[in-house]
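Please look over the structure shown here together with its sequence. The report below is meant for a reader who comes to it for the first time.

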Amino acid sequence: MNTSETLADLVAAEDVLLFVNAAITATGQREFRSDAVGQQLSLDFLHAYVLVNYRRVYASSLALDINDHNAARIVLGLLETAGEAGAEERRTEGRLIAARLALLPPQRVYRLFGEVRRAGINNRRTRAIIRDWLAARPDLGHDAVKYRGGVKTAARHIHLRCPEGAGPLAEVGAFLFRPGRLPRYEHRLLDAWRRAHYEQGAVAELPFTVAEGFAARHGMKREVFLKRAAPRMTRLERLRTHSVTQRPEIDLTAMPLTRLALYVLSLPFEQRAARRTELTGALRTAARRAAGGHAGSWGRVHAVLDDSFSSSGSGQKRRRPLAVALAGHHLLEVLAAPGAYRGLWTSGRGDALLVRPWGPTPLGMRVLDALEPGPGGAAPDRLVIVSDGWDNAPAGLAGEVLRVWRKRLDPGRRTAVVHVNPVYDADGFDVRRLAPGVPTAGIRDAEDLPALVEIARFAEGRTGAAALHAYLDRRVALFLGEKETVS
């Protein structure tokens, strides 16, 4: 391979990593240092650029730990431009789309189907994908009540046949397109929706988001309604109404790690301190579950965790960066060998449970501290930095420290350094990096840390597109294989 081909491969690998980092972190919402419009424009450009130039990678991204917002956008982009793909590409894309739709929240899928209809995408392949997804839903009657507009739009778009007469599909068709025609429904939720118009007792039988509207119509007191609806709430709905009901039976240990960290940070300091044993225990349980077979396998781990003021996020992503750092702190403790973890917050605090967004970002000073040998005089095996990358006290010190460390003190790379960044930088079309030689990956949920550390190695600039494509192919094979096993 000549020099120009090598450079072309490296550029291609960098382009792919730009998109993967954006697809993991960016949601088109306002961040601490950029508004929503800038985020959306930046994301629009990246999607268009990668779809045109790296279609195979664009589709393969569905098998990675990207966020739901970008997964839906990729599906829409692939369906819109299906004519530009070969027959084999379309088959692979169809399998990837079906597998990813099965993982997306139903409300997001119905929203995507609405975008498909508005875009006028109505070929046979698209109709088959929508039809198969609807057929796989465990209870279409439940969906018809909870996501009525979405189900109706999807059914119309694929010309779903809803015969008159008896049967579940017939009742759903009557509910959506011929309301009031049937005196009653056999399906429990469909009939509860009918009765809830005039019978207050039927309100509590409905899904919470639907019942809220009927409760307001009947003038029910909020506290009474929430008490009756509690048995049918989802875990997130219970969490959202927890401050109103003050119900203590929320099972925190069953919550995903990053979601749990967001909940902990939403509590006042007094509650966090009073519930220290409960909250810390729940975080550690969630971290052990997220680590899985990786627990204890990372050796000596030192971490620099950003709790500066910018970790407060934005009005749309409130405290999200700090939540990723808090969740990462507990996960890294589990991934490290027993007793071989050291976490350093940029604020200097030592109590992780009481962290709050405050002050500047002295990453350089904390990186110096983290590179100090631990117990026994040994340097860490891994240094993990969880930060938005805005090193400003003083500016640029972290990158210089890491450069000198790698060049002069650790040229043999005994200490693996990785930077995970939860914030997309719209101006740079990427997550902000500390230094060119430091592997950096975008992160949305701390649970994805082990997988992201693997993909971050491609960001060092020493691996070309061939190795990256091989990695993506492995992830695609694993993703599709898992789905086939489940089905």
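## Basis of the report

This is a predicted model, in which local features need pLDDT of at least 70 and side-chain atom pairs count only at pLDDT 80 or more, while totals for chains, interfaces and linings use all residues. Residues are numbered from 1 along each chain as its sequence is written, and side-chain values use heavy atoms, with hydrogens and water left out.

## Helix α18

Helices (H or I, at least four residues) and strands (E, at least two) are DSSP runs, numbered from the N terminus. Helix α18, residues 276-291, has 16 residues and reaches 22 Å from its first C-alpha to its last, close to the 22 Å expected at 1.5 Å a residue, where the expected span is 1.5 Å times one less than the number of residues.

The buried residues of α18 are L279, T280, A282, L283, A286, A287 and A291; buried means under 20% relative accessible area, exposed over 50%, and partly exposed in between, with a 1.4 Å probe and protein chains only. Seen down the axis of α18, these buried residues fall within an arc of 165°, so they line one face of the helix; the arc is that of the directions from the helix axis to the C-beta atoms. They pack against α16 (257-266), α17 (269-274) and α19 (320-335), contact meaning heavy atoms within 4.5 Å. After α18 comes G292, whose phi is positive, near 55°.

## The sheet

An open sheet of 5 strands has the order β2-β1-β3-β4-β7, with parallel pairing; two strands pair if DSSP finds at least two bridges between them. β2 (341-345) and β7 (440-442) stand at the edges, each with a single partner strand, so one side of each is left without a neighbour in the sheet.

Strand β4 (residues 416-421) is joined to β7 by 3 bridges, and the bridge partner of V420 in β7 is A441.

## Nonpolar cores

A nonpolar core is a set of buried Ala, Val, Leu, Ile, Met, Phe, Trp, Tyr and Cys residues joined through side-chain atoms within 4.5 Å. The largest has 132 residues, and those touching the most other members include L206, F225 and I455. The largest share of this core, 10 residues, comes from α19. A second, separate core of 16 residues includes A398, V401, L434 and V438.

F45 belongs to helix α2 (residues 36-53) and is partly exposed, with a relative accessible area of 45%. The C-alpha atoms of F45 and F429 are separated by 8.8 Å, although the two residues are 384 residues apart along the chain.
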